[in-house]
Each structure stands twice: as C-alpha cells, then as structure tokens.
Amino acid sequence: MSEQTLSNLSREERRFEPPADLAADANVKAEAYARAEEDREAFWAAAAERLDWGQKWDQVLDWSDPPFAKWFVGGTINAAVNCVDRHVDAGRGDKVALHWVGEPEDDTRDITYAELKDLVSKAANALTDLGVKKGDRVAIYMPMIPEVVVAMLACARLGAPHTVVFGGFSADALASRLEDCEAHVVITSDGGYRRGAASALKPAVDEAVEKTGDLVRNVLVVRRTGQDVDWHEGRDVWWHDAVDSASAEHEAELHDSEHPLYVMYTSGTTGKPKGILHTTGGYLTGTSFTHWEVFDLKPDTDVYWCTADVGWVTGHSYMVYGPLANGATQVMYEGTPEKGRWWQIVQDYKVTIFYTAPTAIRTFMKQGREIPDGYDMSSLRLLGSVGEPINPEAYVWYREVIGGDRCPVVDTWWQTETGQIMISPLPGVTAGKPGSAMKALPGVGADVVDDEGNSVPDGSGGYLVLTKPWPAMLRTLWGDDQRFKDTYWSRYPKQGFYFAGDGAKKDEDGDLWMLGRVDDVMNVSGHRLSTTEIESALVSHPKVAEAAVVGAADETTGQAVCAFVILRESAGDGGPDIVEELRKHVQKEIGAIAKPRQIMVVPELPKTRSGKIMRRLLKDVAEHREVGDVTTLADSTVMDLIKDKEGSAASSEE
Ligand code: WT7
C-alpha cells in the first residue's frame, strides 16, 4: 500500500486507571478475553445461561450459510418472561423496575417488577383481543412513557415483532415503515410533553394510516396529555378501555430462539430506510450480557439511567431488553435535557450508572459547568457514551464535571445493526484513554483493515470490520436479503468480514479510535484525513464547545478542510481573532495538513434526530451549493441560521 488508508494524526497521553474497588469487584475481569478467545461459542453459551430458557439449544451457532446466522439453534425462550416474570418468580416483585419521570414537574411514577408483569400481561391480552397473533407486526409510535415499554414487552410476549418509530418522525416516515413491515396495528398516544408543552402524536398517526389505505385495522391510543383527538370509531381504541379491563393472567408461549423480536428502521444514506431485523435468543443474550459486563451492573444496589429515546436502538438494547433482563432498577425520563433537569434527576434518584451521547455532553460543555456543579451527583460511579466518537476534551469534561473525577467512562461503539455493544473498555479492567473505545469486548472479533482487507499495523488507520458472528447481530434487512448482503458483506467477500462503514485507527498499543463514517473522510493533498480528529483538535481549544469538519472541493488540494464551530457560552463571540486562533490551534495540535482553510462560527449545527451531525449539508454550504434534503434534520431551521452566517464576517477564506 503506497499511502495510508486513513492518516493517523492525533496524540493523546492521558490515562485513567479503573477505580480499585470497582476493579476488585468487577462483574467481568481480565481473564474473560483469553477465555473467549479459547472457545468463543462456549463463552456466549455461558452468557446465554444467564437467561431462562424453555427448551435448551442443541447448537450454539449455525454459521453454515453466511451471512445468515442462527444462534442457540433449537432453543425456545420468551423475551418478556425474561425481562419481567422471572424476577417476580424469584421474589423480586417489589423491586422498582422503572422510576419514571414525566416532563411536567412532580409527574412521576414508580413501577415495580410485579406491577410491570401485570401491565404487560394485560396489554398482551388486549392485543390478542384486537386480533394480534404471533408473527404479526405491530408499530409503536409513542413518547417516553411507561406504556411504551409495556407495549414492546407485550408484543415480545406474543411473538409479534414490534417496530418502534421515533415520535419525532413525520407521518410520511411512519407510513413508509408501516407499509414496509405491513403492520395492521399501531400503538400510540394522544401526545407527549416536550419543552414544557403538550405536543400531539395522534394526528400524524391518522395521516399515516390514511396514506396506507386499509392496511391498519386498529390504533390503540394511550391518553397521556388529555388533548383533543380525532376519533375513528371502529378503528381507534383507548388503551385505558382495552388494557385496564383485561385480565392480568397471561400464559406466555415459548418462542424459537430465532423468532423475530423486532424491526428497527435506520435511514440509509440515501433512499428507502433499512429494516434491521433482530431475533430473540441471541439478541437477549448479547444485550443482557454486555449490559451487565460494560456497566458492571449490580442489580441490588445500582440505579441505572440511559437517556436515549426508546425510538432508537440504544433505547431497545440498553433501556428495555438488556437492563430489564438483568433485573435492573432504572430511571426513564420523558423530556429533553433542559438545563439542570438531568442533574436534578441524578440527585433525586441517586443514579449510579449514567449512559448518554456525546452530543448531549458537548451541549452541557457549551452551557458551562456551573449548572451541573449545582447538584449533588456523588451517587454516580460509572459513565457511558454512545452514538458518535467522543472527543478527548468532551470525555475529560464528562469525567471531571459529571463524574467528579472518580467514575470511569466507557466509550461504547456499536450500531443498530450490531444490536449489542461491540467495542468498549471494561470498567474494572481497562485503563481508559480519552477518545478511544479501546478494544473489542471478549467474544467479539473486530479489526482495522486496508482496502484489500489486510489488518493494518498498530499506529495506522483503515476500515473497521467485524470478523466473527456475534449473538445480537442483525439477521437480515426485513424483506430484503440481497440488500443485507450488498450493504454489509460484499466489501470483503474473501474474508467474510462485516463492513461497518466506519473509519478507525489502531494506536501504538493496538487500541481502537473511531474516526467517523467513511463517507465523511476527506482527501487533502492525497492524505485521507478523518473529520473526527480535526473536530477533536478544535474542541480541545478552551473557547470551543462543538465542531464539525467537512472536506470541500479545492482547486489546489483536491479537498480542503472546512470547519464549523460552536463556541462555549463563556467565550462570548470569541474575539476578533478567533478564526486565526483556531486555525493555529489545529496546526499546533495535529499539523499543517489539517489546518482548516475556512472556519465559520455558527450558533447551531445540523443534526439528525438521534444527534448525529449531518456533514453532507455542511458540505453543501462549504461548496456554495444549494443545501440538499433537510427532511431528516431535527430542526430544519438550523440550516438557515448557518447560511446567514456564511455571508457575515465570522467566516474567513484565504
Ligand atoms: C454509528 C451507528 C449504537 C447506538 C446508537 C447509534 C457511530 C456509535 C460510537 C462510538 C464512535 C460511534 C458509528 C456507528 N457510533 N457509537 N462510541 N464511537 N462512533 O446507532 O444510529 O446505528 O449508528 O454510530 O459511526 O457506525 P446507529
């Protein structure tokens, strides 16, 4: 290879050893790596033993027809029974499963495992009355209220795969998902609370159902806000009518280990969303085990909180299935991270394990540490991050300001497709490096390879691949085996690797650093640069809270680095020389090659609803093009703010 697949630019020397008490008592210790290496299938079989099965499996893994995996072949299991009933049967019925916190002040509900069991059983009976049978798909379009968890588990109990559509999505998005998976029943609510006001959900369902002809037979509606709703007699059913009166006795059937559990749609870069299919036994094994392993969950004493919306895979794997299968007590919050509210909740419920996204952390950094400093967060013992690369500066801020410099931070890399965490430090084993997801978990195979699929040496960059099947892996794309093969398995057919679509590098110790989606990689004067590294250099400047970097066409260098930055509130407008200051800073941190040609100070960045920066739109701005499709933006007005800035003095172009 004449040139590196992806240049390795940044350096990070800080290390954080695991706290001694955590290390001594850790659920998973260092020996697990060697044990898993020796016999991967035995390792995952032991993880599956943590669950309750009906029929035990005959074969751990059937990989005779790649890329179509079967895990725990011949085994039978019920996901809802594992998440709820078995804790009640074991005498833990009085334990709180959910500390639910509504957005309006003092609107809270504590739900024990025994109560959850009754609710799930009632909902399963109500769905059966509506004609839902094993194998039928049920769409769920709801806010963050307890009923969404109940609805998911009721579907799982019946073996009716759910497809949860994020409540922020439009009627069109909902309609296309209903059609793709042919759902005849939709569960929704009149509305939910967001930013202090009741916002409606039911109208979007009505519109989507209209669009899909006579596909949808029933709409089950939770009354959350009490706002007026249009009612379609014969089709619409109130949850409180159907569920509250149903029997709390429900005999759960055992399903085949490979029975579909859910379909989760993720937007491909273009075109039709992909319906990621997860099945039952392997998924529950992968999520429950990694939740116990990576967060070192002690179910008797921990209070766990994952801030993700249930509409994303993180909400499925690490709010619903993983934690509940482990019998955890957790917080669930309806609202958005308004200043201070999250920390108030951490203080009130004495949260011990906290899992959130870098985009939230950087927003809090921008607002300043005075806000979290006003709360007692001494209960916290472990922090997690997911969704994007966490810049070293954001990691250190998270660790110091939120974690009081005592909590390890686990930077967890995974995808909707992987279902479970794949790459992460082990909190009781690994000395953390800010910005690195460290290495593949025990039992997981990951590598960084070049274009030909050769493993790159330590100190170089390339493409992230997964080299071995894992229990919670997607089984296919709903109704489209060919697209499944083409998208994930066609890049390295000889080696049979799963291609994740991410760039990554190995540092001198062989630890992994995620460098963003390969579609975002820039090529400057023949050097392939990662957006992530330059963004991290910008965020390491004391005036910067958040940065997004894109490569814009450039006559001399092919592409040039263009940066968009949000300043911390404490930095005001940054001063007259801010652009030059930042360009010099990047040069000092990583070298002249990475020095941005152009830097724009902006008030906001365009993000998807799950918080990922949409660099494609910024590229349009940097290349002075008409801005492309903004329909997946969380806030479609953001691009106008940025375009306004483009004409103003804050931009400097040489
Ligand atoms: C993509 C998957 C995993 C649940 C939420 C997102 C990026 C995710 C990390 C991390 C660097 C990360 C990757 C990945 N990503 N976690 N810890 N470090 N990048 O799920 O929407 O399917 O997105 O998110 O680019 O491919 P998703």
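Author: P67 sits in the loop between β1 (59–65) and β2 (68–73). Strands here are DSSP runs of E with at least two residues; helices are runs of H or I with at least four; both are numbered from the N terminus. The peptide bond from P66 to P67 is cis, and its omega is near 5 degrees.

A word on the source. This is a predicted model with residues numbered from 1 along each chain as its sequence is written. Local features need pLDDT of at least 70, side-chain atom pairs count only at pLDDT 80 or more, totals for chains, interfaces and linings use all residues, and side-chain values use heavy atoms, with hydrogens and water left out.

Next, look at R195. This residue lies in the loop between β9 (191–194) and β10 (197–200). R195 is not a glycine, yet its phi is positive, near 50 degrees. Is R195 buried or exposed? R195 is exposed, with a relative accessible area of 62%. The cut-offs are simple: buried is under 20% relative accessible area, exposed is over 50%, and partly exposed is in between (1.4 Å probe, protein chains only).

K350 belongs to the loop between α12 (341–349) and β18 (353–356). Its phi is also positive, near 50 degrees, in a residue other than glycine. K350 has 56% relative accessibility, so K350 counts as exposed.

Now move to a sheet. Four strands form an open sheet in the order β21-β22-β24-β25, paired antiparallel. The edges are β21 (446–449) and β25 (512–517), each pairing on one side only. From one strand to the next, the twist averages 45 degrees. Two strands count as paired if DSSP finds at least two bridges between them. Strands of a sheet pair through backbone hydrogen bonds, parallel or antiparallel.

Zoom in on one pair. β21 and β22 (residues 461–466) run antiparallel, joined by four bridges. V448 has L464 in β22 as its bridge partner.

A helix comes in here too. Helix α17 (residues 531–539) lies across β24 (498–506) and β25, at about 105 degrees to β25. Contact means heavy atoms within 4.5 Å. Axes are lines fitted to C-alpha atoms, for helices over the stretch in contact, and angles run from 0 to 180 degrees between N-to-C directions.

Last, step back. The domain assignment gives domain 1 (39–336) and domain 2 (521–647). Such bounds come from an automatic or database assignment. Taken over C-alpha atoms, the centres of domain 1 and domain 2 are 38 Å apart.
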